[in-house]
Amino acid sequence: MKGEKLNSIILILLVVLLLMMIGMGIGFLSVMKNLSPTSTTGKAAATVEKKPEKTYTYDVNDGKAIMSNLQDTQNNAGRIIRVTVQIEVTDKKLSEEMKNKNIVIADIIDSVLRSKTADELLKPEGKDKVRKEIKDRLNEIFDNKVYNVNFGEFIIQ
């Protein structure tokens, strides 16, 4: 009787241990699936452009920071953002032309930033959405030759 009780306790413990291991395996696989660049939540991987052979950079405001007021919300009023922006382009002449249009570029960046709230920018995808919006606006005036927008400094206060 004592042996049967001991065997049943061991069997129950083994089943519980097996269920725990299966649960941990499922949890691990689901985490890995979410981190995978081919998952449905990783939409950015599906829309990544092929990098051109050569890109040229332009530092907006000669690398000096741009400060903008953010849109007020009930919870976050009077917030500001400070960014430094570098633009990657596919045409060497365009990087030179951008020097002459620095005011226009800075204004586009400022207007995009002013249209956002601190809450939007603090979300994990907030910075990428701003990057894409600035890139799209710049491509409208620079004939789709802007490859990427990079932030050096991205501080929200």
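Tutor: Start with the term axis: a line fitted to C-alpha atoms, for helices over the stretch in contact, with angles running from 0 to 180 degrees between N-to-C directions. Note also that this is a predicted model.

Student: At roughly what angle do the axes of helix α4 and helix α6 cross?

Tutor: The axes of α4 (residues 102–114) and α6 (residues 126–141) cross at roughly 140 degrees and come within 10 Å. The crossing of α4 past α6 is right-handed.

Student: Which residues make the contact?

Tutor: From α4, Val104, Ile105, Ile108, Ile109, Ser111, Val112 and Leu113 take part, and from α6, Val130, Glu133, Ile134, Arg137, Leu138 and Ile141. Sorted by class, the contact of α4 with α6 has 10 nonpolar residues, one polar and two charged.

Student: How many salt bridges does the structure hold?

Tutor: A salt bridge needs a side-chain nitrogen of Lys or Arg within 4 Å of a carboxyl oxygen of Asp or Glu. The structure holds seven. One of them joins the side chains of Arg82 and Glu153, at 2.4 Å from N to O. This pair links distant parts of the chain, with Arg82 in strand β3 (residues 80–89) and Glu153 in strand β4 (residues 146–156), 71 residues apart.

Student: What is Met67 in contact with, leaving aside its neighbours within four places in sequence?

Tutor: Met67, in strand β2 (residues 66–69), is in contact with Ile80, Ile81, Arg82 and Asp110. Its C-alpha atom is separated by 6.5 Å from that of Val83, 16 residues apart along the chain.

Student: Which residues make the nonpolar surface patch?

Tutor: Leu11, Val15, Leu18, Leu19, Ile22 and Ile26 make a patch of about 590 Å². Leu18 is placed in helix α1 (residues 2–35).

Methods: Residues are numbered from 1 along each chain as its sequence is written. This is a predicted model: local features need pLDDT of at least 70, side-chain atom pairs count only at pLDDT 80 or more; totals for chains, interfaces and linings use all residues. Side-chain values use heavy atoms; hydrogens and water are left out. Helices (H or I, at least four residues) and strands (E, at least two) are DSSP runs, numbered from the N terminus. A crossing is left-handed if the near helix is turned anticlockwise from the far one by less than a right angle, and right-handed if clockwise. Contact means heavy atoms within 4.5 Å. Ala, Val, Leu, Ile, Met, Phe, Trp, Tyr, Cys and Pro count as nonpolar, Asp, Glu, Lys and Arg as charged, and the others, Gly among them, as polar. Patches are made of residues with over 30% relative accessible area and no salt bridge: like charges are joined within 9 Å, nonpolar side chains (Val, Leu, Ile, Met, Phe, Trp, Tyr) within 5 Å. Accessible areas come from the Shrake-Rupley method with a 1.4 Å probe; for residues, only the protein chains shown count as cover.
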